[in-house]
Amino acid sequence: MKKLILSVAIASLIISCSKNEETPQIDQQVELQNELLTKEEINKKIQSSIDNTGDFDWMKTDARTIWSAVKHGDNLLTIGYGTSPDQYQRNNSTESIKDNLIKLVRNIENNNSGAAKSKDQLYVDDNINVIDIKVANIETIKTLLNDSRVRYLEPASYLLSDNNAQAKLSSSGSGCGYKSVTISSADYRTIAPGARVPWNFDKHNIPAAWNYSTGKGVTVAVIDSGLSPEQRLMNQDFNDGYSSGRRVQKYGTYVDSIWPWSNNYDGVDDKCAHGTSMASVATAPRNNNNLPMGVAYNANLVTYRGTANVLIDDYHEKRGVSEALIALGKRNDVKVISMSIGSPFSISRVKDAIKYAYNRGKMIIAAGGTSTSFTNWFGVIFPASMNETVAVTGVKEGEYVRCGNCHSGSKIDFTIQMERSSGSFVPVLSYYNNASRYVGGSSVATATTAGIAALVWAKNPTWTRSQVLNKMKTAGEFYPNKNSKFGYGNINALKAVQ
């Protein structure tokens with residue numbers, strides 16, 4: 001970039017010596033404005049914005065930055081449309097806007113016929129005002145940025161990492177892990193009929209809360225990497241032991257393909273193990289197999305494979321999470337949505353979907369920080385940073401010190417103790433049957449909080465989300481105050497259900 005600036009300066013000096021050179025100066029300025037930025041240059045802008053504001057918004061950059069990121073991401077542009085920033089839901093009044101914007105884009109992209117070159121060049125969401133379309137021309141971006149019918153533009157497939165690093169995100173660094181371990185006897189206690197109560201449940205008075213509520217009648221949804229087909233306690237034995245009369249349902253909205261226009265969903269099965277662990281924390285049965293149990297052991301469970309891992313960055317993950325939220329928003333039985341996943345900065349289509357579910361009364365609980373090599377330098381991540389979500393992070397046992405890979409900040413609402421002085425995390429069910437593992441981070445804190453929310457809602461089935469959330473706040477250690485880093489603090493589940 002320094003060389004580029006120097007070149008411009010030298011060119012300006014040469015041009016200033018002759019009035020006849022004025023036109024080339026203008027031409028060169030236009031050429032420089034249309035020059036593709038490197039991924040390194042784009043990422044520096046992203047990091048600078050997050051460092052200064054806590055978030056990054058593509059609409060607060062310029063056409064060149066958006067266009068460059070689109071070019072680095074399969075030429076795929078996401079357009080959010082509507083007559084106002086909050087008009088996210090698709091209806092009859094926005095149909096003409098959609099059609100006109102598609103036509104406008106195609107005209108600029110030298111397709112004046114108004115017909116698609118092929119069916120796979122366009123995706124139109126059925127529920128929210130979002131279009132994904134192929135764009136190669138910077139003039140398209142410039143025109144759309146000045147169009148009052150455009151709520152936002154975002155590169156649909158841009159990745160912060162390079163391809164090699166991206167491939168590594170399927171490893172343990174992204175929250176994935178199939179490993180099963182022997183749980184130390186110091187990290188649990190056994191209760192009838194043979195279930196193991198994780199150590200941190202007692203720290204939050206969860207077992208005492210079971211005298212008032214076990215989550216019966218409430219449905220908890222987990223949007224994550226799916227559910228293992230091999231862990232019987234989360235499948236055919238979901239009603240094992242003292243858990244009864246409930247159901248588990250599994251769905252998949254994630255497409256595992258490098259081809260953006262593919263609609264071949266990858267199924268419901270977990271291929272990361274993270275989703276299985278989170279579902280276990282929230283709802284695993286009070287079993288008789290000497291295995292860890294969940295907080296709301298009599299709640300129903302709905303799982304969505306919306307992502308490949310904890311980091312929402314791939315195009316199909318953005319769509320998968322959005323589709324899952326919308327589907328859950330339409331269900332009357334779902335009360336709590338747990339999202340132990342996130343992104344370093346906002347994703348507008350997911351924002352729209354969260355608002356869609358939120359406006360239908362859902363309590364959306366999100367992880368305050370999911371550290372990987374690409375997120376550990378951020379504060380509270382998206383979507384926990386949204387006002388429509390309940391943000392949770394993890395702290396160490398007996399003290400308000402965030403865990404090693406947890407994030408904190410003013411957006412946090414609650415904390416859960418999930419790291420012992422010994423270094424142990426929380427015992428949960430493993431991906432494999434009859435096996436356990438330890439899980440830490442704000443992920444397990446989020447799923448634990450989702451379970452507590454289910455306990456409160458089951459105790460008060462006629463309550464609204466606001467009433468349930470306010471009750472949880474009063475059960476926070478810092479209530480009525482809110483800590484600048486840890487929100488209302490550790491939740492006392494017993495107090496929350498009394």
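## Helices on the sheet

Helix H6 lies across strands S1 and S4, running at about 150 degrees to S4. This is a predicted model, in which local features need pLDDT of at least 70 and side-chain atom pairs count only at pLDDT 80 or more, while totals for chains, interfaces and linings use all residues. Residues are numbered from 1 along each chain as its sequence is written, and side-chain values use heavy atoms, with hydrogens and water left out. Helices (H or I, at least four residues) and strands (E, at least two) are DSSP runs, numbered from the N terminus.

The open sheet has four strands in the order S2-S3-S1-S4, with antiparallel pairing; two strands pair if DSSP finds at least two bridges between them. Strand S2 (122-124) and strand S4 (150-155) are the edge strands, each pairing on one side only. From one strand to the next the twist averages 15 degrees. Strand S1 (residues 76-81) runs antiparallel to S4 and is joined to S4 by five bridges; Tyr-81 has Val-150 of S4 as its bridge partner. Helix H5 (residues 92-108) also packs on the sheet, where H5 touches S1, S2, strand S3 (130-134) and S4, and its direction makes about 150 degrees with that of S1. Contact means heavy atoms within 4.5 Å.

## Packing of H4 and H6

Helix H4 (residues 63-71) packs against helix H6 (residues 138-145) at an angle of about 130 degrees, and their axes are 9 Å apart. Axes are lines fitted to C-alpha atoms, for helices over the stretch in contact, and angles run from 0 to 180 degrees between N-to-C directions. H4 and H6 are therefore oblique to each other; angles under 35 degrees count as roughly parallel, over 145 as roughly antiparallel, 65 to 115 as roughly perpendicular and the rest as oblique.

On the H4 side the contact is made by Ala-63, Arg-64, Ile-66 and Trp-67, and on the H6 side by Ile-138, Ile-141, Lys-142 and Leu-145.

## Backbone features in loops

Two cis peptide bonds can be described. One joins Ala-192 and Pro-193, with omega about 0 degrees; Pro-193 is in the loop between strand S5 (188-191) and strand S6 (195-198). Another runs from Tyr-479 to Pro-480, with omega near 10 degrees.

Ala-273 is not a glycine, yet has a positive phi of about 90 degrees. Ala-273 is buried, with a relative accessible area of 0%, whereas Asn-290, with a positive phi of about 55 degrees, is partly exposed at 41%. Buried means under 20% relative accessible area, exposed over 50%, and partly exposed in between (1.4 Å probe, protein chains only).
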